[in-house]
Each structure stands twice: as C-alpha cells, then as structure tokens.
Amino acid sequence: MSPRVVVPADVKKKPWEQELPLHNRWHPDIPPVAEVTVGEVFRVEMLDFSGGSVGRNDSAEDIKFADLSVVHYLSGPCRVVDKDGVPAKPGDLLAVEICNLGPLPGDEWGYTATYDRENGGGFLTDHFPCATKAIWYFEGIYAYSPHIPGVRFPGLTHPGLIGTAPSKELLKIWNEREREVEEKGVESLKLCEVLHSRPLANLPSAKGCHLGMIKKGTPEWERIASEAARTIPGRENGGNCDIKNLSRGSKIYLPVFVEGANLSTGDMHFSQGDGEVSFCGAIEMSGFLELKCEIIRGGMREYLTPMGPTPLHVNPIFEIGPMEPRFSEWLVFEGISVDERGRQHYLDASVAYKRAVLNAIDYLSRFGYSKEQVYLLLSCCPCEGRISGIVDSPNALATLAIPTSIFDQDIRPKAGKVPVGPRVVKKPDVLRCTYDGNLPVTENPGAAAAASYTFT
C-alpha cells in the first residue's frame, strides 16, 4: 500500500499557489494543514528551499538578487495523534523515522550556490564575495555538474530542515537572545571580525512572511508575523540542522512544545558536505519524505537534559540510518585556530575549520579547478568535517576529509610537479556575478609570499 500523501507539492506552481499553503516561519499559532496517526507511513512533498525562485539556467543573477526574507518554504505543519486520537503533548518526545525520500519525479536536478556578500554571504564570504551557482543533474544515486567537471559522487539525500513548533515561551526566549546578538553587534562578538558572516541574526520580519493557513492582511497575520521566528538557524525544536546523514532509516527524536507537535519539514538536499560552507551550499532540490511517527509520552524529561536555565533549553537526538556511500580513501586537510593574519585565537573551532576549508580550496585549485568551483564542491560533496582537538591550548584543531574517488584524477601529493595538460584543465567554470559592494575582502598574504619564499 502506497503511503498517504498528506502534503502534496507542485513544482510548476508558486509556493502561495500550492494546494496546501506553505509557511516559512516558526510560530505556535500557525495551524496544521494535515493530521497523521502514529504508526502510519505518510508522504510529505516539498519545493526546494527557495520555492522555485532559483532556475535551471545559465545565470547566477537569481542568486545575487535572491530575497532571503522568504526562505525556507516548509511543508506542514502536521498534527500528530496516537491511535486513540490523543495528540502529542508538550513534554513528549516525537520520534520521526525516515522510511524513504528522494527528488520529486520529473524534477531530478539541483543547484549549489554562494550568495553575494551584501546579501547573506557565507562562511568564506570575505574570500568569495561574488554570487556563484552550479547546476547538478542526478543519475540514480549519483550527481554530476557541467559547471564542476571531472567530479561525480553518490548523494546522501536528506531533509535540511525538520522540526516541531515552538511554544510561546520558547519563541520568546529565541527572539530575546537573538535580538541581543543583533543589537550588541560585532563589538561584543570578536569572531565576527574573522568570519564576516552577514547578518549576525535574522530577527522576526513581516517581509516575505508566509504563514500557511493564516490569511495575509488580517490582524492575526500581522501579530504572528511580528513574532514568528525565522527558519535560518537550528534551535531547540530541531529546524535547520543540515545534518547530512539523516537519510533512509534515520530516526529523529524531537521535543514537543505544543499540542499535536506541529511537525514541519523542507529544504531537501541531494547531497551536502559537513558544514554546508557556502551557505546555499548543499545540492538544493525539490523532494519528498515518507515518514512514520511515534509519540514517547513524557520523553523530554526522561531523555533530554536541559542545557540552560529552563526545561525548554533542550536539543533533539538523531539516530543515523544504515544507508550511506562507502569511501575507503580520503585526503584530510587540517586547520588550527590561527587566522589569515597570523593572529592566535583561543580554542576556536570555527576559525580552525575555516582554515581547514581554505587549505583544501587552495590545494585542489592546483588540479585545474577555479577556487570558486572547489568552494561549491566542498559545500555539497560528501566530505567529512571533524573537531579533532578542543583541549590542547591554545589551538583548536579541525579537519576536513575529502573522498578521493569522486575525482577523475589522482589528487594526492606525489614526487614531481602537479600534473598539467588538457586532462586536468577543468572548463567551464561556475556561473558567477560581479561583486559590486564595498566591504573589505580578505586576501591570503601567505599565497603570494610562498612563491618567493626560500626555505632554509
């Protein structure tokens, strides 16, 4: 028996034209569009996170001028009840099993991109300020891109975003702490001087807001839009966690904060690297999930310990499924918490990971790729990121492991020169726009110095 489709999606229609309205905010008063019973397998379909605004074309203009007030478009919420019709209650744990997933039939393609630095940027936006885009096509479990030739890899398909609705109390906690970050700004967050992420936080905004069944223009819509949390960061309810291993057979244990749980999902990825470093950085696609739920009564108290001042300061648990690509050979790049200026940071894993990614980009660009191609590739291929050391003062140590078999050439260091010639000259390049902003761009002083430096 086929799973019941509880939320259909039509890629030929705009998000606001869907049979069941989509939403792109978190709020307890967004009503459910469907009801599901524990034990049944049901199907949720979804548009890509942009709602179809990024096209399969030969331009990155849609990325450069993307309206980030509208992402992510979520399917749901789904109200979850037990076999007696009793809904999930606050304090329960909702176990969500991913039985099956994939791209929507007839829409087997996706994209990876970097936003313009003036419009969202990314992890390395100070090094890569331009909007770029690469289109990927799917052949069964494999992906390839005409914009990053010489690479083919199996995808580990997963939902980038899945979560339950927050309670009003939890929503208030989110908005207060994120407003404090936004208002105090860079002066209170020294890491911002190194990462250059923009903006610091995404506060509630009516601009681009979609609230599902709530009718726009009503007093209720205006109230909820002014309070509803953006979907950009992961939080206590799960949300945009971007954990690439949540594929077939995975199980997600989500805290329940409102009656019925109000489960929502979206942001399907064909593949992603750990960290999703270019921000629009997985292979973004439309897709479907076939799910099965279980309610663990009182499970929050039993299994989740609050890491904060209230019982609401908890985080989900994820059970990785048995399905994943097998790679036996990896090239691993190391980074420490010393930035490009040579400045020491104290046990800072973000700076260390940035250094590892930059090391990998510079290295792979020796094999015929542009640095923009490598940046997008490391965001979407099945690479593995690790915090390898967090106790050896003053340096945190992060690593980025890249499976070597995804390339059509041997990328390992070896005696003699790096190979040159038509086989390793990778054309064409990614789609890109110009950078027209005035924000400072970080140069790598070591790259120029290395060419003339004599080791003694």
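How much space lies in the largest cavity? About 40 Å³. This is a predicted model, where local features need pLDDT of at least 70 and side-chain atom pairs count only at pLDDT 80 or more, while totals for chains, interfaces and linings use all residues. Residues are numbered from 1 along each chain as its sequence is written, and side-chain values use heavy atoms, without hydrogens or water.

**View 1. The largest cavity and its lining.** A cavity here is a set of points, on a 1 Å grid over the protein atoms alone, where a 1.4 Å probe fits but cannot get out; lining residues have an atom within 4 Å of a point. Look for P159, G160, L161, I162, G239, C241, D242, I243, L246 and F318 around the space.

**View 2. Helix α6 against helix α7.** Helix α6 (residues 349-364) and helix α7 (residues 371-380) pack at an angle of about 130 degrees, their axes 9 Å apart. On the α6 side, V357, A360, I361, D362 and L364 meet K371, V374, Y375 and L378 of α7, contact meaning heavy atoms within 4.5 Å. Sorted by class, the contact of α6 with α7 has seven nonpolar, no polar and two charged residues.

Terms used. On a 1 Å grid over the protein atoms alone, a cavity is a set of points where a 1.4 Å probe fits but cannot get out, and a pocket is an open set with protein on both sides within 12 Å along at least five of seven lines; lining residues have an atom within 4 Å of a point. Grid points are joined across faces, edges and corners, and a volume is the space filled by probe spheres set on the points. Axes are lines fitted to C-alpha atoms, for helices over the stretch in contact, and angles run from 0 to 180 degrees between N-to-C directions. Helices (H or I, at least four residues) and strands (E, at least two) are DSSP runs, numbered from the N terminus. Ala, Val, Leu, Ile, Met, Phe, Trp, Tyr, Cys and Pro count as nonpolar, Asp, Glu, Lys and Arg as charged, and the others, Gly among them, as polar.
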